[in-house]
Amino acid sequence: MRGNYLTLLEESLRKKLEVMAEIRKYNQRQQEIFRSEDVDLDKFEEYVDEKGRLIDKVSALDNGFEQLYANVAEELRDNREKYSEQIRTLQQLVTEVTDTSVAIQAEEARNKRLIEDYFKKERNGIKKGRQSSKAAIGYYKTMSKSAVVQPVFMDSKK
């Protein structure tokens, strides 16, 4: 019966790795969006939503894993040699999960910098646009005032 719990723990970790691999794919897609010339914010938002659903799955898998582990933890401690091979497999999977989690965090940090750079560039573009508009308006006002001035060299005798 406990072996069945260990199989479920292993399956839970493998499923978590699959879901985390999907998250990494969405991270890559998000990175591609902000490295392209034509940034598609709608697509980015779609990817954020999908990643949110995947993160919820990871959380559910974590909760299930913790509950299962609580059921077998004592027996595993008392009978380490009996379950040594399955314990090694679980340890290896936990290491993979941890490594994948670190990789995801690094990808998220890189994407965050790309996003911040994009919005900084956009804000600067808007700021330059406003400055250009102010200059154009100022020029227009100046020129419209100068249009009122009568030409000096015209012959006013007629």
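Predicted model: local features only at pLDDT ≥ 70, side-chain atom pairs only at ≥ 80, totals over all residues.
## The largest pocket

The largest pocket has a volume of about 180 Å³. Its lining consists of Leu9, Phe65, Tyr69, Ala73, Leu76, Arg77, Arg80, Ile87, Leu90, Gln91 and Val94. Sorted by class, that lining has 8 nonpolar, 1 polar and 2 charged residues.

Which helix gives the most to the lining? Helix 2 does, with 5 residues. Helix 2 spans 41–78 and helix 3 spans 84–146; each supplies at least two residues of the lining.

The whole structure holds 5 aromatic pairs. One of them joins Phe34 and Tyr118. Their ring centres lie 5.3 Å apart, with 65° between the planes. That geometry is edge-to-face, because the angle is over 60 degrees.

The pair links distant parts of the chain. Phe34 belongs to helix 1 (residues 2–35), Tyr118 to helix 3, and the two are 84 residues apart. Are these residues buried or exposed? Phe34 has 9% relative accessibility, so it counts as buried. Tyr118, at 14%, counts as buried too. The cut-off for buried is under 20%.

Phe65 and Tyr69 form another kind of pair. Their ring centres are 6.4 Å apart and their planes meet at 5°, so this pair is stacked. Planes under 30 degrees apart count as stacked. Both residues sit in helix 2; they are 4 residues apart, which means a separation of about one helical turn.

Phe65 counts as buried, at 19% relative accessibility. Tyr69 is partly exposed, with a relative accessible area of 38%.

## The aromatic cluster

Which residues do ring pairs link into a cluster? They are Phe34, Phe44, Tyr118 and Phe119. The edge-to-face pair of Phe34 and Tyr118 is therefore part of this cluster.

## Arginine over rings

Arg29 faces two tyrosine rings. Its charged end sits over the ring of Tyr26, 4.7 Å from the centre. Arg29 also lies over the face of Tyr47, at 6.0 Å from the ring centre.

Terms used:
Residues numbered from 1 in each chain as written. Heavy atoms only, no water. 1 Å grid on protein atoms, 1.4 Å probe; cavity = no way out; pocket = protein on both sides within 12 Å on 5 of 7 lines; lining within 4 Å. Points joined across faces, edges and corners; volume = space filled by probe spheres on them. Nonpolar A, V, L, I, M, F, W, Y, C, P; charged D, E, K, R; others polar. Phe/Tyr/Trp six-rings, centres within 6.5 Å; stacked < 30°, edge-to-face > 60°. Buried < 20%, exposed > 50% of the residue type's maximum accessible area, 1.4 Å probe, protein only. Lys NZ or Arg CZ within 6 Å of the ring centre and 35° of its normal.
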